[in-house]
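Here are some questions on the terms used for this structure, each answered from its definition.

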Amino acid sequence: YESAIGHFEGALTPDAKTFKEELPLAKEMLAGKEEKKVMLYCTGGIRCEKASAYLKHHGFKNVYQLHGGIIDYKRQIEHEQLPSKFKGKNFVFDHRMSERITEDVLGTCLSCSVPCDDYTNCANHACNRLFIQCATCRETMQSFCSTECREKVTVRA
């Protein structure tokens, strides 16, 4: 879900729901490229440590990391007034859910498919799906991911 709203130009973005799922997929996508340079990036740099060790353990020789993650990258490019190679938003793990890096909008609304990069948690607490939803659909759908979730709403006590 992170790369749906932002990623570096030309980045390989494994289709995984969790970081744990992503590691074997990344290894598979990079099979045969063990001698090539691999540059890893993540939100703040922490998961890169684990991913780097994983790839090195599996025979990748030239594994590098973006120090400080996208958070520090944004600070550096703004300070140096450089163009960003990262497009869109950086997914963050707090109430904001994302931080704009560039004006590029890479995602689409789950409900109507218009360009959008705003995440919503489904209002049905039994579902709690994280999905992209535009402001119009968020209002119309009341922050539910589907009519089924809206009809079978589970409220926290």
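Q: Which element gives the largest share of the lining of the largest pocket?
A: Helix α2 does, with five residues. Helices here are DSSP runs of H or I with at least four residues, strands are E runs of at least two, and both are numbered from the N terminus. The model is predicted, so local features need pLDDT of at least 70 and side-chain atom pairs pLDDT 80 or more, while totals for chains, interfaces and linings use all residues. Residues are numbered from 1 along each chain as its sequence is written, and side-chain values use heavy atoms, without hydrogens and water.

Q: How is the lining of the largest pocket divided by class?
A: It has 25 nonpolar, seven polar and 10 charged residues. Ala, Val, Leu, Ile, Met, Phe, Trp, Tyr, Cys and Pro count as nonpolar, Asp, Glu, Lys and Arg as charged, and the others, Gly among them, as polar.

Q: Which strand gives the most to the lining of the second largest pocket?
A: Strand β7 (residues 130-132) does, with three residues. This pocket holds about 170 Å³ of space, and its lining has seven nonpolar, one polar and one charged residues.

Q: Why is the pair of Y41 and F86 called edge-to-face?
A: Rings of Phe, Tyr and Trp (its six-membered ring) pair if their centres lie within 6.5 Å; planes under 30 degrees apart count as stacked, over 60 as edge-to-face and the rest as tilted. The centres of Y41 and F86 are 6.3 Å apart and their planes stand at 85°, so the pair is edge-to-face. Y41 is in the loop between β2 and α3 and F86 in strand β4, so the pair ties together parts 45 residues apart in sequence.

Q: Which residues of α2 meet α3?
A: With contact meaning heavy atoms within 4.5 Å, F19, L23, P24 and K27 of α2 meet R47, K50, A51, Y54 and L55 of α3. The residues of this contact comprise six nonpolar, no polar and three charged.

Note on methods: On a 1 Å grid over the protein atoms alone, a cavity is a set of points where a 1.4 Å probe fits but cannot get out, and a pocket is an open set with protein on both sides within 12 Å along at least five of seven lines; lining residues have an atom within 4 Å of a point. Grid points are joined across faces, edges and corners, and a volume is the space filled by probe spheres set on the points.
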